[in-house]
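This report walks through one protein chain for a reader who has not seen it before. The sequence and the structure come first, and the description follows.

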Amino acid sequence: MRILLAALTMVVSSAAFAEGDLCTKWAHSDRYIAAIKAVAAQEDFTFEELCTLPKVLDIEAQPSRVITVKGEVIPHVRIQLHMAYESCLYMVRDADKVITSSRCYSGW
């Protein structure tokens with residue numbers, strides 16, 4: 001019974017979590033929205049499509065930086081798209097909204 005209840009809770013919370021626009025929580029930050037738009041363009045989606053894409057369970061945005069070998073600090077935004085079986089990470093340079101690195105990884 002506990003296992004059934006846990007499974008049901010997981011399904012209901014995942015469905016509720018996946019509904020709607022995943023980008024509204026970042027609306028307070030033009031920096032994060034611009035970085036998400038850069039990722040959407042890279043993946044051939046509109047901003048609205050990416051924010052409501054059914055396979056994406058969450059979009060995470062965090063300030064980050066890249067430090068070169070010479071010690072230069074380059075501000076970036078780290079965007080992660082979390083899906084059921086994989087996540088993809090994109091480093092978006094603040095200055096020109098170019099994705100300087102990206103990678104996807106899986107838990108399998």
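## Disulfides

The disulfide of Cys-88 and Cys-104 is right-handed, because the torsion about its S-S bond is about 105°. Cys-88 belongs to strand E3 (residues 86-93) and Cys-104 to strand E4 (residues 99-106), so this pair ties together parts that are 16 residues apart in sequence.

Two disulfides are found when the whole structure is searched. The other bond joins Cys-23 to Cys-51. Its handedness is left-handed, with -90° about the S-S bond of Cys-23 and Cys-51. Cys-23 is placed in the loop between H1 and H2, while Cys-51 is in helix H3 (residues 47-52), so the bond ties together parts that are 28 residues apart in sequence. The sulfur distances are listed below.

| Disulfide | S to S distance |
|---|---|
| Cys-23 and Cys-51 | 1.9 Å |
| Cys-88 and Cys-104 | 2.0 Å |

When the bonded cysteines of the protein chain are numbered in sequence order, they pair as 1-2, 3-4. Cys-23 and Cys-51 are both buried.

## Overall layout and confidence

The protein chain has three helices and four strands. Along the sequence they follow the pattern α-α-α-β-β-β-β. Of the 108 residues in the chain, 31% are buried. Taking contacts between residues at least 6 apart in sequence, 39% join residues at least 24 apart.

How confident is the prediction, and which elements have the lowest and the highest mean pLDDT? The chain has a mean pLDDT of 87, and 81% of its residues reach 70 or more.

## Around Gln-80

Is Gln-80 buried or exposed? Gln-80 has 8% relative accessibility and therefore counts as buried, since the cut-off is under 20%. This residue is part of strand E2 (residues 73-83). Leaving out residues up to four places away in sequence, Gln-80 touches Asp-58, Ile-59, Glu-60, Cys-88, Leu-89 and Tyr-105. Cys-88 in this list is the cysteine that is bonded to Cys-104. With Tyr-105, Gln-80 also makes a polar contact between side chains, at 2.4 Å.

Asp-58, another residue that Gln-80 touches, is in strand E1 (residues 56-67). Asp-58 counts as buried, with 17% relative accessibility. The side chains of Asp-58 and Lys-25 are joined by a polar contact of 2.5 Å.

## Around Thr-100

Thr-100 is located in strand E4, the strand that also holds Cys-104. At 37% relative accessibility, Thr-100 counts as partly exposed. Which residues does Thr-100 contact, leaving aside neighbours within four places in sequence? They are His-76, Met-91 and Arg-93. With His-76, the side chain of Thr-100 makes a polar contact to the side chain, at 2.9 Å. Thr-100 and Tyr-90 are 10 residues apart along the chain, and their C-alpha atoms are separated by 7.7 Å.

## Aromatic rings

The structure holds one aromatic pair. This pair is formed by Trp-26 and Tyr-32 and is edge-to-face, with 5.4 Å from centre to centre and 80° between the planes. The angle makes the pair edge-to-face because planes over 60 degrees apart count that way. Trp-26 is buried at 14% relative accessibility. Tyr-32 is buried as well, with a relative accessible area of 13%.

Another ring, that of Phe-47, has the charged end of Lys-37 sitting over it, 5.4 Å from the ring centre.

Conventions: Residues are numbered from 1 along each chain as its sequence is written. Side-chain values use heavy atoms; hydrogens and water are left out. Helices (H or I, at least four residues) and strands (E, at least two) are DSSP runs, numbered from the N terminus. Buried means under 20% relative accessible area, exposed over 50%, partly exposed in between (1.4 Å probe, protein chains only). A polar contact is a pair of N or O atoms within 3.5 Å; within protein, one must be able to donate a hydrogen and the other to accept it, and residues adjacent in sequence count only if both atoms are side-chain atoms. Contact means heavy atoms within 4.5 Å. pLDDT is the predictor's confidence in each residue, from 0 to 100. Rings of Phe, Tyr and Trp (its six-membered ring) pair if their centres lie within 6.5 Å; planes under 30 degrees apart count as stacked, over 60 as edge-to-face and the rest as tilted. A charge sits over a ring if NZ of Lys or CZ of Arg is within 6 Å of the ring centre and within 35 degrees of the ring normal. A disulfide is a pair of cysteine sulfur atoms within 2.5 Å.
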